[in-house]
Amino acid sequence: MTTLTPAAASDRTGVSIDTLRYYEREGLIGPVRRSVGGRRQYTEDDVFWIGLVTCFRDAGLGIADLRGFVAILRAEHPPQERVAFLRERRAALEQRVAALSRAMQVLDEKITYYS
């Protein structure tokens with residue numbers, strides 16, 4: 001099994017080493033394997049989870065939401081619960097996109113007005 005050092009995992013995911021540790025402490029990834037010397041060794045599965053967490057964070061999900069979703073996945077809740085969670089978050093994201101679109105429209109109008 002191929003593993004990555006913390007620096008390599010950081011480079012590959014675009015997430016700082018401190019953020020990787022934070023995600024692990026919060027239970028969002030891992031537990032991350034350790035070498036005999038105690039150094040973290042990230043697997044492809046860890047990299048996948050880091051990408052998922054990063055995507056959800058970029059979408060505006062908070063740490064509490066992420067903890068909830070990870071708990072649903074790890075406890076092997078029925079797929080309906082996973083889908084319901086994701087649909088709720090998607091609806092909230094759609095509202096944010098609409099709000100941002102309205103704000104951009106106002107900015108465009110002001111740019112046109114002041115040009």
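I take contact to mean heavy atoms within 4.5 Å. The model I examined is a predicted one.

**Entry 1. Leu66 and the core**

I began with Leu66. Leaving aside residues up to four places away in sequence, I found that Leu66 touches Leu28, Val53, Phe56, Arg57 and Leu61. I then looked up the largest nonpolar core, which has 21 residues. Leu66 is among those with the most contacts inside this core, together with Leu28, Ile29 and Tyr42. Helices H2, H3 and H4 each supply at least two residues of the core. I noted the general background that nonpolar side chains tend to be buried together in soluble globular proteins.

**Entry 2. Helix H4**

I turned next to H4, which runs over residues 63-74 and has 12 residues. From its first C-alpha to its last, H4 reaches 16 Å, close to the 16 Å expected at 1.5 Å a residue. Which residues of H4 are buried? I listed Ile63, Leu66, Phe69, Val70 and Ile72.

**Entry 3. H3 against H4**

I looked up the packing of H3 and H4 and found an angle of about 140°, with the axes 10 Å apart. Angles over 145 degrees count as roughly antiparallel; H3 and H4 are therefore oblique to each other. H3 passes H4 in a right-handed crossing. On the H3 side I listed Trp49, Leu52, Val53, Phe56 and Arg57, which meet Ile63, Leu66, Phe69, Val70 and Leu73 in H4.

**Entry 4. H4 against H5**

How do H4 and H5 lie, roughly parallel or roughly antiparallel? I found that they pack at an angle of about 160°, with their axes 10 Å apart. H4 and H5 are therefore roughly antiparallel to each other. H4 passes H5 in a left-handed crossing. The contact is made by Asp65, Phe69, Ile72 and Leu73 of H4 with Glu81, Arg82, Phe85, Leu86 and Arg89 of H5. I noted that Phe69 and Leu73 of H4 take part in this contact and also meet residues of H3.

I looked up Thr54, which lies in helix H3. Is Thr54 buried or exposed? Thr54 counts as buried because its relative accessibility is 19%, and the cut-off for buried is under 20%. Not counting residues up to four places away in sequence, Thr54 touches Val15 and Tyr23.

I then examined Glu24, whose place is in helix H2. Glu24 has 16% relative accessibility and therefore counts as buried. With residues up to four places away in sequence again left out, I found that Glu24 touches Ile29, Val32, Arg34 and Arg40. I also checked Glu24 against Ala103, 79 residues apart along the chain; their C-alpha atoms are separated by 36 Å.

Where does Ser16 lie? I located Ser16 in the loop between helix H1 (6-13) and H2. Ser16 counts as partly exposed because its relative accessibility is 34%. Ser16 and Pro6 are 10 residues apart in sequence, and I recorded 9.0 Å between their C-alpha atoms.

Methods: Residues numbered from 1 in each chain as written. Predicted model: local features only at pLDDT ≥ 70, side-chain atom pairs only at ≥ 80, totals over all residues. Heavy atoms only, no water. Helix = DSSP H or I, 4+ residues; strand = E, 2+ residues; numbered from the N terminus. Expected span 1.5 Å × (residues − 1). Buried < 20%, exposed > 50% of the residue type's maximum accessible area, 1.4 Å probe, protein only. Core = buried A, V, L, I, M, F, W, Y, C linked by side-chain atoms within 4.5 Å. Axes fitted to C-alpha atoms, helices over the stretch in contact; angles between N-to-C directions. Parallel < 35°, antiparallel > 145°, perpendicular 65-115°, else oblique. Left-handed = near helix turned anticlockwise from the far one by under 90°.
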